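Subject: Structure handover

Hi,

Here is the structure for your files. My notes follow below it.

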Amino acid sequence: VQLQASGGGLVQAGGSLRLSCEASGRTFSWYDMAWFRQPPGKGREFVTAISRSGDSTMYADSVKGRFTISRDNAKNTVNLQMNSLSADDTAVYYCAAGTGSWYRVTEYDYWGQGTLVTVSS
């Protein structure tokens, strides 16, 4: 499956952004979907994931209550609504598709190209 992430940009602290990831190729609903992020100079970290049907989600503690993941299997998209952004959220955000453990980078088979989110303080 091919993944195309979009929606990144520059936002002030306290603001919001909505990221989208559009999938093409293989059946989107076969895969759990996730967002990871990679802050400058750091490794890639788990942000959130959603099950194939969309009825189960999980969030990193650092974003819980501020970020919301959703998916639309009819449109082959997964979205990430990010609110109350802070400078610590500055990173390249990647969407990913997989069938294994949600937290592990290595469990995901397909990755989008990344979209940069910069939060100014």
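Is D89 buried or exposed? D89 counts as buried, at 1% relative accessibility. Buried means under 20% relative accessible area, exposed over 50%, and partly exposed in between, with a 1.4 Å probe and protein chains only.

Some ground rules. This is a predicted model, in which local features need pLDDT of at least 70 and side-chain atom pairs count only at pLDDT 80 or more, while totals for chains, interfaces and linings use all residues. Residues are numbered from 1 along each chain as its sequence is written, and side-chain values use heavy atoms, with hydrogens and water left out.

Salt bridges

The structure holds five salt bridges. The criterion is a side-chain nitrogen of Lys or Arg within 4 Å of a carboxyl oxygen of Asp or Glu. D89 pairs with R37, with the closest N and O atoms 2.9 Å apart. R37 sits in strand β4 and D89 in the loop between β8 and β9, 52 residues apart. Strands here are DSSP runs (E, at least two residues), numbered from the N terminus. R37 is buried too, at 4% relative accessible area.

D89 also forms a salt bridge with R66, where the closest N and O atoms are 2.8 Å apart. R66 is in the loop between β6 (57-59) and β7, 23 residues from D89. Both R66 and D89 are buried. Through shared partners, salt bridges join R37, E45, R66 and D89 into one network.

Another salt bridge is D61 with K64, the closest N and O atoms being 3.1 Å apart. D61 is exposed, with 66% relative accessibility.

Disulfide

A search of the whole structure finds one disulfide (cysteine sulfur atoms within 2.5 Å). C21 and C95 form the bond, with their sulfurs 2.1 Å apart. The torsion about their S-S bond is about 60°, so the disulfide is right-handed. C21 lies in β3 and C95 in β9, so the pair ties together parts 74 residues apart in sequence. Relative accessible area is 1% for C21, which is buried. C95 is buried as well, at 0%.

Core

The largest nonpolar core has 36 residues. Such a core is a set of buried Ala, Val, Leu, Ile, Met, Phe, Trp, Tyr and Cys residues joined through side-chain atoms within 4.5 Å. M33, W35, M82 and Y93 touch the most other members. Elements giving two or more residues include β3 (17-24), β4 (32-38) and β9 (91-98). The largest share, five residues, comes from β9.

Best regards

Methods
Helices (H or I, at least four residues) and strands (E, at least two) are DSSP runs, numbered from the N terminus.
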